[in-house]
Amino acid sequence: MLLKTTLLTMLLLAAKEGKSIPAHTPNSLSSISYETDFVWTGRIEEDNEPISFTGSSLQHIEAQILEHKPDFSWSRDIEPGNSRVEGDILCDISWKPSFASVFHIRQGISHLHKIHGDCVNGPGPGNCSRVSCSYRSGIWFCNDNPHPMSVPCSTFGDRAWDIIEKCYAFGDFPTDSVHGQVFDKDGWNVIVAGADC
Ligand SMILES: *[C@@H]1O[C@H](CO)[C@@H](O)[C@H](O)[C@H]1NC(C)=O
């Protein structure tokens with residue numbers, strides 16, 4: 001019911017603004033279960049220009065950065081939770097992905113909060129890449145825009161936190177598990193769900 005109302009509101013808003021609404025994506029498990037490359041853009045040395053690396057995970061990207069700068073580390077601690085989402089948070093995802101462990105998602109969130117620079121995803125809709133995964137608990141960044149989307153990587157930590165806050169206590173979920181999806185008004189979303197890692 002809530003979903004229907006939200007959808008209706010979005011349709012009305014879209015009609016008013018004269019543009020088509022992006023569908024809530026992805027709409028199946030298979031579309032998020034593969035490794036998709038994304039781009040990280042940032043500075044690996046304070047005074048240098050930002051540079052870009054492409055990989056299927058931040059670990060993969062980090063390995064490439066270490067080849068350039070062997071003493072590199074994601075050392076910056078970015079203030080978590082400054083930006084609360086102004087869009088929808090879905091706890092009851094229609095395509096029923098498996099659950100992630102709240103404990104390990106929290107670890108993923110603290111790691112994401114150390115990542116400076118931007119994560120860039122290719123054009124969508126439903127272009128999803130996994131930005132964090134450990135102990136079968138994944139965090140995905142999905143782009144529904146028809147153009148590439150660049151978002152500060154640490155923001156995915158904030159969004160995953162929004163999902164835990166809203167969805168952990170939702171319904172009859174198994175103990176200490178969570179899944180959910182949070183939609184930003186700029187046409188991208190973040191998914192927390194069980195994963196094969
Ligand atoms: C996502 O973007 C990448 C990079 O542009 C592209 O290669 C890939 O086909 C896109 N995937 C989907 C599912 O649209």
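## Basis of the model

The structure is a predicted model, in which local features need pLDDT of at least 70 and side-chain atom pairs count only at pLDDT 80 or more, while totals for chains, interfaces and linings use all residues. Residues are numbered from 1 along each chain as its sequence is written, and side-chain values use heavy atoms, with hydrogens and water left out.

## Overall composition

The chain contains four helices and eleven strands. These elements are DSSP runs, numbered from the N terminus: helices are H or I runs of at least four residues, and strands are E runs of at least two. Of the 197 residues of the chain, 44% count as buried. Here buried means under 20% relative accessible area, exposed means over 50%, and partly exposed lies in between, with a 1.4 Å probe and protein chains only as cover.

The accessible surface of the chain comes to about 10,500 Å², and carbon and sulfur atoms hold 55% of it. Such areas come from the Shrake-Rupley method with a 1.4 Å probe, and for residues only the protein chains shown count as cover. Among contacts in the chain with a separation of 6 or more, 68% are between residues 24 or more positions apart; a contact means heavy atoms within 4.5 Å.

Strands of a sheet pair through backbone hydrogen bonds, either parallel or antiparallel. In this chain, an open sheet of five strands has the order 3-10-11-7-6, with antiparallel pairing. Strand 3 and strand 6 stand at the edges with a single partner strand each, so one side of each is left without a neighbour in the sheet. Two strands are said to pair if DSSP finds at least two bridges between them.

Strand 10 (residues 180–183) is covered on both faces: Gly180 and Val182 on one side, and Gln181 and Phe183 on the other, are all buried. Two bridges link strand 10 to strand 3 (residues 89–90) in the antiparallel sense, and Val182 of strand 10 is the bridge partner of Ile89. Strand 10 also runs antiparallel to strand 11 (residues 188–194), to which four bridges join it. In strand 11, Val190 is the bridge partner of Val182, and Ile191 stands opposite Gln181. The hairpin of strand 10 and strand 11 has four residues between the strands, and Gly187 takes a positive phi near 85° there.

Strand 1 (residues 38–42) has a covered face formed by Phe38, Trp40 and Gly42, and an uncovered face formed by Val39 and Thr41.

Strand 1 is joined to strand 2 (residues 51–55) by five bridges, and the two run antiparallel. Across this pairing, Phe38 stands opposite Gly55. Three bridges join strand 1 to strand 5 (residues 118–121), again in the antiparallel sense, with Trp40 opposite Cys119.

## Salt bridges

A salt bridge is a side-chain nitrogen of Lys or Arg within 4 Å of a carboxyl oxygen of Asp or Glu. By this rule the count comes to five. One of them joins Lys69 and Asp71, whose closest N and O atoms are 2.9 Å apart. Lys69 is buried, at 16% relative accessible area, whereas Asp71 is exposed at 60%. Another joins Asp92 and Lys96, with the closest N and O atoms 3.5 Å apart. Asp92 is partly exposed at 49% relative accessibility, and Lys96 is exposed at 57%.

Asp196 forms a salt bridge with Arg130, the closest N and O atoms being 3.0 Å apart. Asp196 lies in the segment after strand 11 and Arg130 in strand 6 (residues 127–134), so this pair ties together parts that are 66 residues apart in sequence. Asp196 is exposed at 53% relative accessibility, while Arg130 is buried at 12%.

## The ligand site

The residues around the ligand are Gly122, Pro123 and Asn127, where a residue counts as near if one of its heavy atoms lies within 4 Å. An N or O atom in the side chain of Asn127 is 2.4 Å from an oxygen atom of the ligand. Taken alone, the ligand exposes 360 Å², and the protein buries 37% of that.

Terms used: A polar contact is a pair of N or O atoms within 3.5 Å; within protein, one must be able to donate a hydrogen and the other to accept it, and residues adjacent in sequence count only if both atoms are side-chain atoms.
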